[in-house]
Amino acid sequence: MAASSDFYQVLTVRRDATPQQLKAAFRKKAMRYHPDHNPGREEWANRKLKGIIEAYEVLGDPERRRAYNRRLAQTEVMVRRKNSASRSKSVSQYMVDIMRHRATPSWARKMAFAFVFFDYYSKENRKVK
């Protein structure tokens, strides 16, 4: 469960939480999701409690918490890089935007115009007269 989620979100604490705040959040969550306090939903409560225990084991140990924070920061950087790379457009995409009358930067309009103009001009010069 906790492998794909953020341990700080599991315990609902901030990333700069003190050990006392972590312990208090762990106890509160553990009591809330304990199988004895959720009759009829023991399996669900047991899964939630396992995730809470795993999160507290990692965040409660200072060395494991530092390693987790490093890995979390690296993941966030990779996600930001991926998102910024996916937002870049090619020239043909800008040309499609121009044809559809979408807002585009002025440099892209000039570049697309030059591309279309010079392509047409070169074809006209190649025609046999």
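Reply: Happy to! Glu76 and Arg15 meet through their side chains in a salt bridge, at 2.8 Å from N to O. A salt bridge here is a side-chain nitrogen of Lys or Arg within 4 Å of a carboxyl oxygen of Asp or Glu. This is a predicted model, where local features need pLDDT of at least 70 and side-chain atom pairs count only at pLDDT 80 or more, while totals for chains, interfaces and linings use all residues. Residues are numbered from 1 along each chain as its sequence is written, and side-chain values use heavy atoms, leaving out hydrogens and water.

Me: Which parts does the pair of Glu76 and Arg15 tie together?

Reply: Glu76 lies in helix α4 and Arg15 in the loop between α1 and α2, so the pair ties together parts that are 61 residues apart in sequence. Helices are DSSP runs of H or I with at least four residues, numbered from the N terminus.

Me: What else does Arg15 form a salt bridge with?

Reply: Arg15 also forms one with Asp6, with the closest N and O atoms 3.5 Å apart.

Me: Is Asp6 buried or exposed?

Reply: Asp6 is buried, at 13% relative accessibility. Arg15 is partly exposed at 41%, and Glu76 is partly exposed at 30%. The cut-offs are under 20% relative accessible area for buried, over 50% for exposed, and partly exposed in between (1.4 Å probe, protein chains only).

Me: How many salt bridges does the count come to?

Reply: Three. Asp16 and Arg14 form one of them, with the closest N and O atoms 3.3 Å apart, and both residues are exposed.

Me: Switching topic: which residues have the most contacts inside the largest nonpolar core?

Reply: Leu11, Val13, Leu59 and Tyr68, in a core of 18 residues. Such a core is a set of buried Ala, Val, Leu, Ile, Met, Phe, Trp, Tyr and Cys residues joined through side-chain atoms within 4.5 Å. Helix α3 gives the most to this core, with five residues.

Me: What about the backbone at Thr12?

Reply: Thr12 has a positive phi of about 50 degrees, although it is not a glycine. Thr12 sits in the loop between α1 and α2.

Me: Last one: which helix has the lowest mean pLDDT?

Reply: That's α6 (residues 106–126), at 67, while α2 (residues 19–32) has the highest, at 96. pLDDT is the predictor's confidence in each residue, from 0 to 100. Where pLDDT is low, the predicted coordinates should not be read in detail.

Conventions:
Helices (H or I, at least four residues) and strands (E, at least two) are DSSP runs, numbered from the N terminus.
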